[in-house]
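Hi,

Here is the structure I said I would pass on. Have a look at it first, then read my notes below.

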Amino acid sequence: MAEKHYGMVIDLDKCTGCQACAVACKMENNVDLGVFWERVYRMGPIGTYPDALEMFYFPNQCMHCENPSCISVCPTKATYQTDDGVVLVDANLCFGCQYCIWACPYEARTLNPNTKTVEKCILCVHRLEKGEQPMCAYTCTTGCRVAGDLNDPDSRVSQILKDNEDRAYRVHPEFGNKPSVVYLLPRKGAETLCRSIGR
Amino acid sequence: MNSQIPLPDGGKIVKTNCFECHAKCGVLCEVDKDGTLVSVKGNPEDPRSQGRLCGKGLSATKILYDPERLRWPLRRKGERGAGDWERITWDEALDWLVDRIQTLTNEYGAETIAYGQGTGRGTNQWTARMGNAGGRVHHSQAPGNICLVPMMVQSVVQTGGFSIFDGCDFDNADCIVFWGANSVWTEATYCSGQIGRSRDRGAKLIVIDPFFEHPLAAKADYFVGVRPGSDPYLAMAWLNVIIGEDLYDHEFTKKYTNAAMLLIEGPNVPLNAQLLDPEGNPQSMLVFDKNTGTMVDIHTPGVDEDMDYRGMVKLADGSEAPVTTVWNALKLLVEPWTPEKASELCWVPADVIRDSARTYATAPSATINVFQGVEEQTNCKDTIQLILMIIALCGNFEKKGGNLSMPFWTQMFTLSGPSPESATELRMVDDRSPGYLNGSGNTNMIFNAMITGEPYPIKGYIMVQGNPLSWSEDTKFVRKALMSLDLLVCMDYYMSPTCELADLVLPSTHWTERDYLADEVCSEWVFAQQRAVDPLYERRSDVWFWRTLGNRLNPEWWPWETDEELFDWQLEQTHAGVTWDELKDNWIHHLEPTPSRNYQQNGFATPSGRVELYCVVNLVAGGSPFPGANEPKESVYSTPEVAKDYPLTAITGRRYPIYYHSAYRGIPTLREIVPEPQVIFHTSVAKELGIEYGEWVWIESPTGRITMKARPSDGLDPRVCVIPHGWWQGCKELNLPDYPDDMCNANVITGSRAYSDDFMTPGLRSTLCRIVKKEGGE
Amino acid sequence: MQIHWPLVISTVCQRVGLGLFICAFVGQVYAGSPVPLSVMAWITLALLAVGGIASVFHLQRPQRFFNAFSNLKSHLTQEALITPFLGVALLVCALNGTLFDLGVATAFVGAVTAILAGAFLVCTGLAYQMGSRPAWNTPFVLVLFLLTALEAGAIGVAVLWLAAAGLVPTMFVVIALVSTVVCVIVQAAYVVRMRSVGYGVNVDVMEEPYRGPFVTWLAAGAVVPVVCLALVFVVPSAAVALAAVAWAASAVGIAAWTVLFFKGARKVKMFPMYPVDLNLDM
């Protein structure tokens, strides 16, 4: 059997910016105050009220790239990729040089001022390995996020991607990082984005 | 026990319900072998939330163990409000309180004590029972007039049920409307996941809200950016389109509404049977039967009713009167309200009004979710009645994918017991509002009676989870009133600004440490909201407090020795068909649907047995049986002299998905997401006033002024601004200070000058104000 | 992005120090030198020590410094691996002639040291070239690391030769002047490029917060060194002072330039097609 490739699909058309994922992540992983492994940003509203307005929410976390730029710059090998494609940081190795923070195009990493090491989303591997969804996806009030094995064509995440191919979008594909977190573009509210990427 | 699952390490998973908002999502609480709450997550077995849980619920461990929480009863030692307390036992507290109540009652009568709460979420009935048990009057010093009462009461009198809140069948709807409601943030349980699924299968979405930052606005097929408080015009225009373009459900309108009911044209009063025949029943409403050419009682079966009837009738007193139908009168009522005309007043482009109305009306099934954006207005009755009419005309009541009535709402009334005989005579209302459909007095008058003793003295105020300094309009006045009391008792989680002024502060249990029944806003289910851990310190539940205090004061009203006995009685009264023990064992129990769900057989629980377009109960209560296109009593159009100096129309009550009203600003994991109060107004206004993002500004109204940080936005009309409420608490861990002296309290600027005639609701969501740049040093 | 002062200090010291050694070595090979290479090596070592301490302090957990040698693909590991060899080589050059005499091997050891120094600068330059920072996503970064080192090194050599020999080594002052001018031109090109890097993170150095370091660089890094070096020919009597001023100004200029370098390295916007940023307001 082929190796697993864990990833996540996030439907921006569904996300309502409720921040439940951000809180769930904090609780599940005991993330320190001031550090976010996951949080929901918002674009807009932008435009002229009441027409021609755009707004969408953007949950952001580590994209668990196939070709992560954080790994090659890390001098300590604290940042590594598991066989299942999850990018992790070994807090026992990291010495806080922060080059990975600079190199990541996705604002996914934070220096924890208490531990003085760099932290980020771990895709709740401890849950994935038990066949459970990461806590952000489990709690998501809109059901906009689903994680799973991208290599398994029958997994729910693969099915959703297949059914929504026209809306699938990997942020900044030109960097070649090949993110494993795939966004589904909003059906409305992101016209400028869609236009600029030719959708 | 099925609802408690033991874990191999000696801990357990407890199935219960979150209580951080009304929606009460099913949750799984993990408790370790030492009885410590370890984690909380959603329970996939809850058919409504299916495992989903918001940030508030997920923070349960932080809230339960928050060191800032109240721990034991505290009695005031020094001056009122000086913060000088002595710790006492519950026995001392109850003895002292009973003595104080009895002393005040002996001197001033039981009407001198007001009972209240904040949002009940399960204590509404017990707070009311406490007041009723006094035997004189229940002053409901609670925010019912701005939350739930207008929506629920108007629905019940008009349709016999309540189906525009937790009765929206989002999962099956072809068109979903949020009207002044942001339920995906405030009560995500029954809507968020459902809406995403429904939109995936092509359901249309309409968001009616002044603010484009409504989390669904950008996703909506139609964003209807209505001016705050102008909803009646919009609703009239929807009806104008629906009737004018013949988009209504002919069968439902004819058979299941009182459209064919006969009225005397002109005064538009019902032509009842007694008007035709002195022997006739004055409560018998008539319709014209096309088969027989006669006027018969509206309940008569097998009648071919003439909705369009017009004619002259000879009355019993010998005079002749022109007769018409409700339908004809309604058509006349909405005829002037073309989308173009409504557009001028509600600031929504006419084509958006027209297209959204068509979309709603032509959907095979459609559901409308309503809430406080509509409720907290002086014209709330009009809007709610019009919305209920829209739902009825399009045949969306009790229909799959429409608005379904839910059992709890019509069964809760018996729990509070009968109103005392003197309740009407002692009720406090004045010429600002008769309050036709609100059984309680005007909270503002009751606060006034605390200060002036007029019309009679109010000396005591006892509340659970209430913080009127946050929820009531005109905070400065409320503060003065609370300072005038002889007895102020607050049961709360935290030392709230109201608690600070109290004589007795009682520690309330968090939901994880108390037993409750979850029935309100639980759609067609009831849940055992059982405790996960034993109460910490000396905290007690609000139900325990009312029951125990009630038992000491009026044992005939409060005979129950334990909470469990009270729950059993509650379940019996609401015909749940289950006992507390059985329920606790299963955690969840499905309720019988309301009779009107099968309305073809059972009709609707209204005087006509139908959904009432013309609402006889409103008329009998003294109000208007038809809705009016009424402007808010204070607005840019109705009080231009005020608007001259205060040109912005503010909505106070911007919600956050991570806070519940004023709760949980002290929880650092939530507070770091929304650290500070921000007032939102249009970018062009900011530019004009020279205000930058993040600058502290004044927000001023004729009532008062507060300060918040400026957040210019493009997502609203330049004539509107958005003010959040509930900001008083600091957060020690994040070094964020308290906001003392109501400096950021939205209700400092809301006024007590105007109220809804029917529900005594102030116009909190259309408060006139202005933004002022702070000068150096302010 | 925020300025990391330890990195500003360490990279400035590295460039001034290593540049000095490389230029001195080259100068000695081609023209002989009135200043022994060992003196140059001591100065370089001192500067590298300051830079090294600063860069260790940049680490949030400096006690884990030895983890730095783990990832051969990382330019930082490469830099770390070169450091001990470079240090030893410099020390050998520094002690040559006092503790021992390498004799004919002197030139060879000097060459190895100069090559290690160059490699070190190349690794540092490459470390900063990253796609997520459009301003840094260019070979300009490496070229400028080398050019700034050359500029500072050439001026430094001129200063030390003048001080030691009291003569105007015309060729070296000319080289210093030319390399300064070339460096300034390339820096100007980098500034121009920053105006149109795209991804929503274009930088106009005449706007805040870039203006301060830009103007400082322009004065200290460009005008003062060029003018002073030119004046050496006009007022040969003040040659040492003029060259010293040029050297100090060039070091300050590199520091100012590095501040601008950090400030201008804004991270790509997630959605550069929008004129506004993602925000966290609710």
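B:I387 touches B:I164, B:W179, B:A235, B:I368 and B:V370, leaving aside residues up to four places away in sequence. Keep in mind that this is a predicted model, with contacts called when C-beta atoms, placed from the backbone, lie within 7 Å.

B:I387 also turns up in the largest nonpolar core, where it is among the residues with the most contacts inside that core; the others are B:L234, B:I390, B:C721, C:A158 and C:A243. The core has 415 residues. Which helix gives the largest share of this core? That would be helix α5 (residues 140-165) of chain C, with 16 residues. Chain B's two assigned domains take part as well: domain 1 (74-148 + 410-590) and domain 2 (640-773) each put in at least three residues. As general background, nonpolar side chains tend to be buried together in soluble globular proteins.

On to those two domains of chain B. Taken over C-alpha atoms, their centres are 28 Å apart. Where domain 1 and domain 2 of chain B meet, the contact takes 23 residues from domain 1 and 25 residues from domain 2. On the domain 1 side, α19 (468-471) and α20 (475-483) of chain B each supply at least two residues. The largest share of that side comes from α20(B), with 3 residues. Sorted by class, the domain 1 side has 11 polar, 8 nonpolar and 4 charged residues.

Now the contact between chains A and C. Chain A puts in 31 residues and chain C 29 residues. Four elements of chain A each supply at least two residues of its side: β2 (38-46), α2 (69-73), α3 (99-103) and α7 (191-196). Which of the elements gives the most to the side of chain A that touches chain C? It is β2(A), with 4 residues. By class, this side of chain A has 19 nonpolar, 8 polar and 4 charged residues.

Strand β23 (residues 525-529) of chain B is joined to β24(B) by 3 bridges, and the two run antiparallel. If you want a pair to click on, the bridge partner of B:V526 in β24(B) is B:H589.

The other is an open sheet of 4 strands, ordered β1-β2-β3-β4 and again in chain B, with antiparallel pairing. Its edge strands are β1 (4-6) and β4 (37-42) of chain B, each pairing on one side only. For this sheet too, neighbouring strands are turned by 20° against each other on average, direction ignored. Strand β2 (residues 12-17) and strand β3 (residues 26-31) of chain B pair over 6 bridges in the antiparallel sense. Which residue in β3(B) is the bridge partner of B:K15? It is B:L28.

Cheers

How values were computed:
Residues are numbered from 1 along each chain as its sequence is written. Chains are lettered from A and ligands numbered from 1 in the order in which they are written. This is a predicted model: local features need pLDDT of at least 70, side-chain atom pairs count only at pLDDT 80 or more; totals for chains, interfaces and linings use all residues. A nonpolar core is a set of buried Ala, Val, Leu, Ile, Met, Phe, Trp, Tyr and Cys residues joined through C-beta atoms within 7 Å. A residue is buried if 20 or more other C-beta atoms lie within 10 Å of its own, exposed if 12 or fewer, and partly exposed in between; C-beta atoms are placed from the backbone. Domain bounds come from an automatic or database domain assignment. Two residues are in contact if their C-beta atoms, placed from the backbone, lie within 7 Å. Ala, Val, Leu, Ile, Met, Phe, Trp, Tyr, Cys and Pro count as nonpolar, Asp, Glu, Lys and Arg as charged, and the others, Gly among them, as polar. Two strands pair if DSSP finds at least two bridges between them. Axes are lines fitted to C-alpha atoms, for helices over the stretch in contact, and angles run from 0 to 180 degrees between N-to-C directions.
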